[in-house]
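Visitor: Can you walk me through the aromatic rings in this one? Show me the model.

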Amino acid sequence: QPRERFPASKLLAGLVKRGVPITFGSDSHRASEVGHGYGQAAAQLSSLGVTHWTAFRERRLEWLPIGP
């Protein structure tokens, strides 16, 4: 069943406006659920003008393009 995204749209817009780096997370309990909802989240971020998200690889911050 679909779950509400966090943060809520209004809060997310405020974070983006203030330049807070955005990352993705998941509360998946099965491997088949990993990445569920990424497309919707990416579209929401794109509508707010966000073009990149952040991730850490080997303890280094990386900026990755939002896309399919």
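Visitor: Is F24 buried, partly exposed or exposed?
Guide: F24 counts as partly exposed, at 27% relative accessibility. Buried means under 20% relative accessible area, exposed over 50%, and partly exposed in between (1.4 Å probe, protein chains only). This is a predicted model: local features need pLDDT of at least 70, side-chain atom pairs count only at pLDDT 80 or more, and totals for chains, interfaces and linings use all residues. Residues are numbered from 1 along each chain as its sequence is written, and side-chain values use heavy atoms, with hydrogens and water left out.

Visitor: How many aromatic pairs are there?
Guide: Two. Rings of Phe, Tyr and Trp (its six-membered ring) pair if their centres lie within 6.5 Å; planes under 30 degrees apart are stacked, over 60 edge-to-face, the rest tilted. F24 and Y38 make a tilted pair, 4.9 Å centre to centre with 55° between the planes.

Visitor: Where do F24 and Y38 sit?
Guide: F24 is in the loop between helix 1 (9-17) and helix 2 (38-47), and Y38 is in helix 2. They are 14 residues apart. Helices (H or I, at least four residues) and strands (E, at least two) are DSSP runs, numbered from the N terminus.

Visitor: Why is the pair of F24 and W53 edge-to-face?
Guide: Their planes are at 75°, so the pair is edge-to-face; the ring centres are 5.1 Å apart. W53 lies in strand 1 (residues 52-57), so this pair ties together parts 29 residues apart in sequence. W53 counts as buried, at 17% relative accessibility.
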